[in-house]
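Have the viewer open and follow along.

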Amino acid sequence: MTETTSLAPLKAQVSKLENKANEITITTAEENATATELKAKLNETKKQIKDRKEEITKPLNAALSSARALFAPIEDSFEKAESILARKLIAYKQKVEAETRAAEDKLAARVEKGTMKLETAERKIDALPTVQKTVQTDHGRVQFRKIKKVRITNPDLVPDQYWVLNEVLIRKDALAGTPIAGVEVYEEEIV
């Protein structure tokens, strides 16, 4: 039996309940009792749907959780190794760039002082070591990129339009009786 056919009775039951809910009008006490009984049947059907869905999803979630737990230590070690190597690659690149800049500054100073010709300085600058932005190897490619990031240096100076309300904390405090400007506690009826 396929999943679709095993859900057919449940689908039919929900369809009947939906039709009854659409047709019902509540103007008398008897109609209210009928609607209350229909609501109880809906709750019962909701539980059947949930139970049937969980028959399928619980084993899948358990398998997914098990697979994640199995691979987590390996992934953690991999991320640490990748991070360490990336830091070392960047440190070397920055060291070479700093040495190159210092050598260029020395050559420029000698040209300005007149102890070296401009052509000689240009030739020596071209011969200075550099780290390429992209390095291709047999196993893949390493690419150095600069990306823009944002850091908040002083939260007190950030305009109000960028702050997000902590609705969970607001709800908790308001329901506990703490008065909060711009917040009201109200009651809403639900079935």
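Contact here means heavy atoms within 4.5 Å. Helices (H or I, at least four residues) and strands (E, at least two) are DSSP runs, numbered from the N terminus. This is a predicted model: local features need pLDDT of at least 70, side-chain atom pairs count only at pLDDT 80 or more, and totals for chains, interfaces and linings use all residues. Residues are numbered from 1 along each chain as its sequence is written, and side-chain values use heavy atoms, with hydrogens and water left out.

Q: Which residues of H3 does H2 meet?
A: On the H2 side, look at Glu104, Leu107 and Val111. Their partners in H3 are Leu118, Ala121, Lys124 and Ile125.

Q: Are H2 and H3 roughly parallel or roughly antiparallel?
A: Axes are lines fitted to C-alpha atoms, for helices over the stretch in contact, and angles run from 0 to 180 degrees between N-to-C directions. Helix H2 (residues 29-113) and helix H3 (residues 118-126) pack at about 175°, with axes 9 Å apart. Angles under 35 degrees count as roughly parallel, over 145 as roughly antiparallel, 65 to 115 as roughly perpendicular and the rest as oblique. So H2 and H3 are roughly antiparallel.

Q: Where does H2 bend by about 40°?
A: The bend at a residue is the angle between axes fitted to the seven residues ending there and the seven starting there. A proline, Pro73, follows the bend within four residues. The bend itself is at Ala72.

Q: Is Asp156 buried or exposed?
A: Buried means under 20% relative accessible area, exposed over 50%, partly exposed in between (1.4 Å probe, protein chains only). Asp156 is in the loop between strand E2 (140-143) and helix H4 (167-175). Its relative accessibility is 71%, so Asp156 counts as exposed.
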